[in-house]
Amino acid sequence: DNTMQKGPKAENHLAAIRRGEEGVTNPTDRIEVTGNRFRNTGDHPTAFVWNDTNTPVILHDNQLAGDVVPLHGAGEVR
C-alpha cells in the first residue's frame, strides 16, 4: 500500500524497485509486490520492478501510470 513516483529530474530512471543489484545474501522462494501505486512522469520508460535475481517476482493489484514496464526479469504479472 505504497505510493511512489518518478519525475523528469530523477537520477535513476531505470526502476522504482530493484532487487538483487548488489547480490542476494538471503534468498527466498518468491517475492510478492502487491497493492501499490506507481506513477512515472519522467521522459524515460521505467520498470516498476527490476529483478536481477533468479527468484520469481509476483506482481498483483498494483496501479501503474505513465511510461511503465511492470516487470523486468524473472516473474509474472497477475
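**Exercise 1. Find D61 and say whether it is buried or exposed.**

Solution. D61 sits in the loop that links β6 (57-60) to β7 (63-66). Strands here are DSSP runs of E with at least two residues, numbered from the N terminus. Next, take the backbone. D61 is not a glycine, yet its phi is positive, about 60 degrees. Last, take the surface. The cut-offs are under 20% relative accessible area for buried, over 50% for exposed, and partly exposed in between (1.4 Å probe, protein chains only). D61 has 61%, so it is exposed.

A note on the model: it is predicted, so local features need pLDDT of at least 70 and side-chain atom pairs count only at pLDDT 80 or more, while totals for chains, interfaces and linings use all residues. Residues are numbered from 1 along each chain as its sequence is written, and side-chain values use heavy atoms, with hydrogens and water left out.

**Exercise 2. Work out the strand order of the open sheet of three strands.**

Solution. The order is β2-β5-β8, and the pairing is parallel. Two strands pair if DSSP finds at least two bridges between them. β2 (15-19) and β8 (68-72) are the edge strands. Each has a single partner strand, so one side of each lacks a neighbour in the sheet. Neighbouring strands are turned by 5 degrees against each other on average, direction ignored (axes are lines fitted to C-alpha atoms, and angles run from 0 to 180 degrees between N-to-C directions). Now look at one pair. β2 and β5 (residues 46-51) run parallel and are joined by four bridges. Across this pair, A15 faces A47 in β5.

**Exercise 3. List the residues of the largest nonpolar core.**

Solution. Start with the term: a nonpolar core is a set of buried Ala, Val, Leu, Ile, Met, Phe, Trp, Tyr and Cys residues joined through side-chain atoms within 4.5 Å. The largest has nine residues: I31, V33, F38, F48, V49, V57, L59, V68 and L71. β3 (31-34), β5, β6 and β8 each give two or more residues to this core. Finish with F38. Its contacts include F48 and V68, and also M4, A16 and L64.

Methods:
Contact = heavy atoms within 4.5 Å. Lists of a residue's contacts leave out its neighbours within four places in sequence.
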